[in-house]
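Me: I would like to go through this structure slowly, one question at a time. Could we begin with the terms and then turn to the residues?

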Amino acid sequence: GLGDYNELGEPVGKGRGAFTVVYLPTVLTVPTSTLDFTWNLTWKMKRKDRGRGPFSWILSNVSLNQSFRVREETTARDAYKVYLLFPSALQRDESTLAGIVSLRQEWSLLDAYPNWSLAIKYQRDDEEENRFENVNEERLFEQHLVRLDHSLTSRLSANVELRREIKQRGGRGLATGTGSTYDVLGLAAAAGWGLRFTAGSTLDGEIEYREQEDSESGAREVAITFRPRFVWRLTKSLSLFGRYEVTRFELSEESGIKPFYFANPGTTQRWALTPNLRLSKVISLLGTYQGRSEETFSGSRIVDHELTVETRAYF
């Protein structure tokens, strides 16, 4: 519980390592150019009269929300190519300090059905990290997600979700055999429910099954998670939000060095309580208590408790 990094400088998670990274100023400066480009597209067309035919159904039910972002920090002299988004100028080992290309898409397919919601999501983050000497790191995160929500009654709802993820980390200069490089394929399925009560109080929960397998080390992780949550409005000025999460992790015994973000076999618990008190029309008092219980890489169990209190003023 002394730090977030191991002796090789690899992040291993909050409280799981024995080292902390410290940055110091330097007299050496390097001129850089930075590009941050974001493009958003929203397409939504509703028709009161659905009509007939597939085209009419699409106009009534389908909507799209898409975002595309490029951020690049470079030392290249021909920075104008970066500004013009030339693919050959982005994420180069010899000039890029840090770069990311992100794409997010969300399709909604049942907009005209009030009790149904079907969403298809896609996310891809391609990153380059060259800010450390003699290290050229490449990371990739890709996710496909399908989620279906249905209101069974005015108070009861249910949902199911399927998810596929790819996580990759590699490049030149990374320590091998430590779990810092990996190529992980993950599959997950979840089912949930929700209850609505009077005065805006709610109670919902979710059960998730997840598998992850690393093609480099052969490590395979299986996790089962239960997440209940509630919002309880005690009075008009006082409400309480709570959540609890318990996860059981299992790891294949024949695997080699596992990716550093894989959990240890066993049970992990996380919980939180957040009361919100409205003192007046413009001032509120907010408290947050959260904790966790999990095992570190050394096998010892850590139990953390954290309490924060803040005030907010609304104008």
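Reply: Helices (H or I, at least four residues) and strands (E, at least two) are DSSP runs, numbered from the N terminus. On a 1 Å grid over the protein atoms alone, a cavity is a set of points where a 1.4 Å probe fits but cannot get out, and lining residues have an atom within 4 Å of a point. This is a predicted model, in which local features need pLDDT of at least 70 and side-chain atom pairs count only at pLDDT 80 or more, while totals for chains, interfaces and linings use all residues. Residues are numbered from 1 along each chain as its sequence is written, and side-chain values use heavy atoms, with hydrogens and water left out.

Me: Which strand gives the most to the lining of the largest cavity?

Reply: The largest cavity holds about 50 Å³ of space, a volume being the space filled by probe spheres set on the grid points, which are joined across faces, edges and corners. Strands S11 and S12 (283-295) each supply at least two residues of its lining. With 3 residues, the strand that gives the most to this lining is S11.

Me: How many charged residues are in the lining of the second largest cavity?

Reply: About 40 Å³ of space lies in the second largest cavity, and its lining includes Arg-163, Glu-165 and Arg-210. The elements giving two or more residues to this lining are strand S6 (156-172), S7 and strand S8 (202-214). Ala, Val, Leu, Ile, Met, Phe, Trp, Tyr, Cys and Pro count as nonpolar, Asp, Glu, Lys and Arg as charged, and the others, Gly among them, as polar. By these classes the lining has 2 nonpolar and 2 polar residues, and its charged residues number 5.

Me: Is Arg-163, which forms a salt bridge with Glu-161, buried or exposed?

Reply: A salt bridge is a side-chain nitrogen of Lys or Arg within 4 Å of a carboxyl oxygen of Asp or Glu, and the side chains of Glu-161 and Arg-163 meet in one at 2.9 Å, N to O. Buried means under 20% relative accessible area, exposed over 50%, and partly exposed in between (1.4 Å probe, protein chains only). Glu-161 has 12% relative accessibility and so counts as buried. With a relative accessible area of 14%, Arg-163 is likewise buried.

Me: How many salt bridges does a search of the whole structure find?

Reply: One of them joins Arg-292 to Glu-294, with the closest N and O atoms 2.3 Å apart, and both of these residues are buried. Another joins Glu-94 and Arg-92 at 3.9 Å, N to O, and Glu-94 counts as exposed because its relative accessibility is 61%. For the whole structure, the search finds a total of 27.

Me: What kind of aromatic pair do Tyr-182 and Tyr-261 form?

Reply: Rings of Phe, Tyr and Trp (its six-membered ring) pair if their centres lie within 6.5 Å, and planes under 30 degrees apart count as stacked, over 60 as edge-to-face and the rest as tilted. The structure holds 4 aromatic pairs. Since the rings of Tyr-182 and Tyr-261 have their centres 5.1 Å apart and their planes at 70°, the pair is edge-to-face.

Me: Where does Tyr-261 lie in the chain?

Reply: The pair links distant parts of the chain, 79 residues apart, with Tyr-182 in strand S7 (residues 182-196). Tyr-182 counts as buried at 9% relative accessibility, whereas Tyr-261, at 24%, counts as partly exposed. As for its place, Tyr-261 lies in the loop between strand S10 (238-251) and strand S11 (266-278).

Conventions
On a 1 Å grid over the protein atoms alone, a cavity is a set of points where a 1.4 Å probe fits but cannot get out, and a pocket is an open set with protein on both sides within 12 Å along at least five of seven lines; lining residues have an atom within 4 Å of a point.
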